[in-house]
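User: I am new to reading protein models. Could you take me through one, feature by feature?

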Amino acid sequence: MALVIWYKQGHDTPIYTYDKREGATSHWSHPATLSTRAAFRADSEPAVLLLTRLRAEDEGQYRCRVDFIRSPTKNTRLNLTILIPPERLLILDERGEQLAGVMLGPFDEGAEVNLTCVAVGGRPAARVSWWKSHALLANSEARASVFLTLRRADYDSEITCQAVTDASLSPVSKTLTIKVNLRPLWVRLLGGKRPLVAGRRAELACQAVGARPPPNISWWKGGTKLTSVKGNISPDGNITSSTLSFIPSIEDSGRVISCRAVQPGLSYPVREDGFQLEIQHLPVVKLELGANLDASKVVEESDVYLDCMVRANPWHTHVHFTHNGATVRGGGGVVVANQSLVLQRVSRRAAGAYVCVARNALGEGYSAPLVLDVKYRPRCKSEQAVTIRAGRGETVEIVCDLDANPKGPITYQWWFNNTTHSKIELNTSIAQEHGRLGRYLYTVNTSGDYGAVQCTGTNSVGQQSDSCLFLILPAEKPSPVNNCAISNITEDSLLVTCEAGHDGGLEQDFSLEVFDITTGTLLRNMSSEEPKFAVWGLFGDIAASVRAHNSKGCSEPVTVSVSLLKHPQQETVTLPVRVELSTVLATVLFTVAGIAAVIVVFALVFCWKHCHRNNDKNKNKLKKDEILNTPLKDSKECESIDSLDKNPDIIPIENKISDNCSTKSSTTDYSSRPLLSKTDPDTYDINYERENLNQACRQYIQGSSSIQWMHPLDFRVHQYDSNMPNVGPNSFRPSNLGPTPNVGDCRAADKFYINWLKYKNSLPLNTNGLLPMEQCMPPELYPSSVYGTINRRSIISRQKPELEPCESHSLTEYHRASPPVRVNADSSVYFNKNLLRGTATGSGTQLNTSLPILKTDKGITTHTVSSECR
């Protein structure tokens with residue numbers, strides 16, 4: 001392909017060329033026809049001529065000529081059709097006038113509308129149609145007409161005219177909005193008919209619904225337009241509201257109040273809603289005098305009728321009357337009947353303001369005050385006679401003060417009488433000339449002018465019935481004061497007090513003159529309405545003179561004298577101390593007193609409990625001591641040997657002696673000694689006075705190789721053998737052995753034995769093999785040789801382990817005093833447990849409690865005891 005040439009029908013010259021003959025490619029377009037809007041694309045299959053921004057004149061037949069280098073030339077013809085949409089749409093009304101804008105109307109509801117749509121331009125001719133809510137109304141070529149009857153539903157609806165030349169092109173359209181004037185669906189007063197209260201602000205609301213455009217709502221009361229209105233339109237414009245605020249009055253009752261909805265410029269009728277007002281109010285009360293009564297001619301002693309007229313909604317339930325603010329009640333010439341008040345034979349006290357009060361459900365209504373003016377004859381304001389004091393030649397003014405209605409004009413008459421003259425009328429011409437009605441100048445010339453002056457008055461109602469009385473009495477100087485006394489005397493002050501005398505019929509006052517008695521100098525001059533004077537700044541001896549004064553002169557002076565204190569005397573005066581207790585101080589004192597009282601009570605209770613506890617302890621202790629210290633008394637001096645066999649704590653021995661043991665001494669009955677108390681034996685004082693030693697019994701312990709060891713707890717005293725050699729009354733008695741306590745008539749010579757008994761008594765006992773107390777033979781039964789060398793038969797108890805021998809001690813080591821031997825209820829004798837301790841403190845003597853323990857070949861220990869009874 002060497003050359004391509006494009007031709008258009010109607011043109012003699014090419015409109016576009018494409019040349020490759022020179023080896024270079026060149027493009028050319030006709031400047032007037034295509035200019036830069038054409039471009040040839042040889043590389044596409046097939047090659048094409050591209051036209052942009054097509055115009056209507058581009059339509060026509062095009063011929064394409066292609067020249068080849070070696071092939072013959074080819075020509076191709078093409079027809080180009082240009083589709084042109086309509087330029088615009090015209091909307092015409094029934095009169096053929098073009099409608100401007102997109103709003104159609106407004107039209108009244110029910111109006112008929114004829115619209116025509118014309119498509120201007122376009123190739124080929126456009127197809128024109130009318131659409132409403134996707135519904136086809138009309139369709140024709142180039143122009144289309146539609147006929148509409150507008151209804152409420154057409155308000156703000158849209159109608160569209162559409163024109164299209166080819167389906168491949170977007171249609172040209174124009175949409176119109178139909179505006180319809182809508183009459184209100186209804187106009188209503190919200191809340192309906194209801195009663196209103198007079199004088200109380202009320203609000204009424206009215207609504208017009210469905211009106212387009214929004215109507216104007218106006219309020220009317222009867223034929224009067226109300227202006228206190230507030231309007232409101234809903235956001236969608238469908239509801240128009242109006243609120244009326246007003247204060248109804250009683251006169252509005254029965255009137256019609258209404259709201260009217262008017263759409264300006266429209267021919268629609270006015271819509272209106274309203275109701276007849278029912279006004280509730282307090283009773284409206286009116287009080288009037290009864291018929292044929294003239295308010296200006298109501299006189300005393302006449303009858304008066306008052307009528308009360310009431311208008312109320314709701315109807316009144318109670319009516320009553322008030323007189324000067326006080327409720328009028330029937331009785332005493334006052335009759336309250338229905339809505340009328342009758343006053344029979346009224347007096348001047350009945351004058352005043354009357355009000356009728358009516359009550360209904362809303363409250364009370366009051367009438368305007370009706371002032372009842374009762375006319376009456378003059379009367380004296382003072383019912384008592386007036387006393388006037390005057391001296392001879394003195395002229396006094398007498399005022400006749402009358403109470404009358406009407407107050408003027410009043411004619412006055414004056415009379416005088418006394419004991420010598422009857423009633424004499426006085427001349428009043430001078431008073432009338434000077435316009436001093438009701439006042440009379442009376443002159444006392446002689447004593448006969450003293451008497452009674454009377455005054456009467458007359459007004460339009462009548463003459464005064466009871467005259468006013470004035471007593472003209474002589475006037476004189478006051479009498480002297482009485483009972484003057486001086487008190488509260490100090491070095492420079494005093495108080496003078498007197499009693500007033502007769503005032504002479506006139507008002508009096510008092511004066512005080514104070515003189516120095518020595519020099520006669522006037523020190524003070526004072527006056528007072530009362531005869532009481534307090535004077536300061538004085539000194540020395542003074543005299544006080546008191547006088548009474550009135551308009552007629554002064555009385556005789558009354559003088560008293562006194563001497564003031566020379567100098568202040570220093571005296572010790574016991575003044576009462578006034579203690580004022582404030583609330584806080586009183587509270588603190590009462591609190592402290594209460595705390596102290598509580599503490600005292602607690603202390604007393606504590607002391608009582610403590611003392612009670614100690615008493616209980618002492619009682620318990622005494623009880624125990626009484627039990628433990630019960631004397632050992634028996635009718636028999638010695639028990640039988642058979643009774644000893646019944647004691648499980650006693651081991652019988654081979655030789656039982658049935659002889660009685662002496663239990664009595666010359667001075668003391670030891671058979672009645674108390675049992676050993678539970679007091680700790682350590683607390684015993686081993687130094688005490690010995691009993692009488694008439695019959696002493698001493699015991700000694702001798703050890704021998706044949707004596708077998710015996711535990712101290714198992715030790716009992718065995719009966720002596722009557723054939724014991726070397727035992728006599730004085731065969732063995734150390735010279736340094738002191739007296740020992742007695743056990744019965746036997747006085748223990750051996751302190752070891754006594755301590756052993758105390759020890760035995762204070763510890764848990766194993767009484768096997770012990771010898772009862774009654775088997776201790778009295779010394780008389782022993783032969784004289786028995787008190788020599790003691791050979792005791794050995795007592796075999798139980799086998800004991802071998803122990804180291806302990807040193808035998810002399811009995812002199814145990815001659816110190818020890819507590820008395822105690823006897824238990826079973827008549828067994830026991831040692832004190834101090835015997836087993838190392839030492840015992842008392843007199844300072846060391847006590848060795850170890851017993852002589854000797855070994856024998858047989859392993860049995862014995863104790864040898866020697867006793868002496870006298």
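User: Where does pLDDT stay under 50 with 32 contacts beyond four places in sequence?

Analyst: pLDDT is the predictor's confidence in each residue, from 0 to 100. It stays under 50 over residues 767–771. The model has 32 contacts for this stretch beyond four places in sequence. Contact means heavy atoms within 4.5 Å.

User: What does the chain average?

Analyst: The average pLDDT is 75, and 68% of the residues score at least 70. Over residues 630–749 the pLDDT is below 50. That stretch has 386 contacts in the model beyond near neighbours in sequence.

User: What ground rules apply to the numbers?

Analyst: This is a predicted model: local features need pLDDT of at least 70, side-chain atom pairs count only at pLDDT 80 or more, and totals for chains, interfaces and linings use all residues. Residues are numbered from 1 along each chain as its sequence is written, and side-chain values use heavy atoms, with hydrogens and water left out.

User: How many disulfides does a search of the whole structure find?

Analyst: A disulfide is a covalent bond between the sulfur atoms of two cysteines. Here the test is a pair of cysteine sulfur atoms within 2.5 Å. The search finds 6. Counting bonded cysteines along the chain, the pattern is 1-2, 3-4, 5-6, 7-10, 8-9, 11-12.

User: Is the disulfide of Cys117 and Cys161 left-handed or right-handed?

Analyst: The torsion about its S-S bond is about -85 degrees, so this disulfide is left-handed. Cys117 sits in strand β10 (residues 112–120) and Cys161 in strand β14 (residues 158–164), 44 residues apart. Strands are DSSP runs (E, at least two residues) and helices are too (H or I, at least four), numbered from the N terminus. The S to S distance is 1.6 Å.

User: Which handedness does the link of Cys484 and Cys498 have?

Analyst: That link is right-handed, with 115 degrees about the S-S bond. The pair joins strand β43 (residues 482–487) to strand β44 (residues 494–499). The sulfur atoms of Cys484 and Cys498 are 2.0 Å apart.

User: Are Cys484 and Thr177 buried or exposed?

Analyst: Buried means under 20% relative accessible area, exposed over 50%, partly exposed in between (1.4 Å probe, protein chains only). Cys484 is at 18%, so it counts as buried. Thr177 is at 16% and also counts as buried. Thr177 lies in strand β15 (residues 172–181). Leaving aside neighbours within four places in sequence, its contacts include Val102, Leu104 and Asp156.

User: Is Asn427 buried or exposed?

Analyst: Asn427 is exposed, because its relative accessibility is 54%. It lies in the loop between β39 (424–425) and α1 (429–433). Cys554 is partly exposed, with a relative accessible area of 32%.

User: In what order do the 4 strands of the open sheet stand?

Analyst: Two strands pair if DSSP finds at least two bridges between them. The order here is β16-β18-β22-β21, with antiparallel pairing. β16 (186–189) and β21 (229–233) are at the edges with a single partner strand each, so one side of each has no neighbour in the sheet.

User: How many bridges pair β21 with β22?

Analyst: β21 and β22 (residues 239–246) pair over 5 bridges, in the antiparallel sense. In one of these, Gly231 has Ser242 of β22 as its bridge partner.
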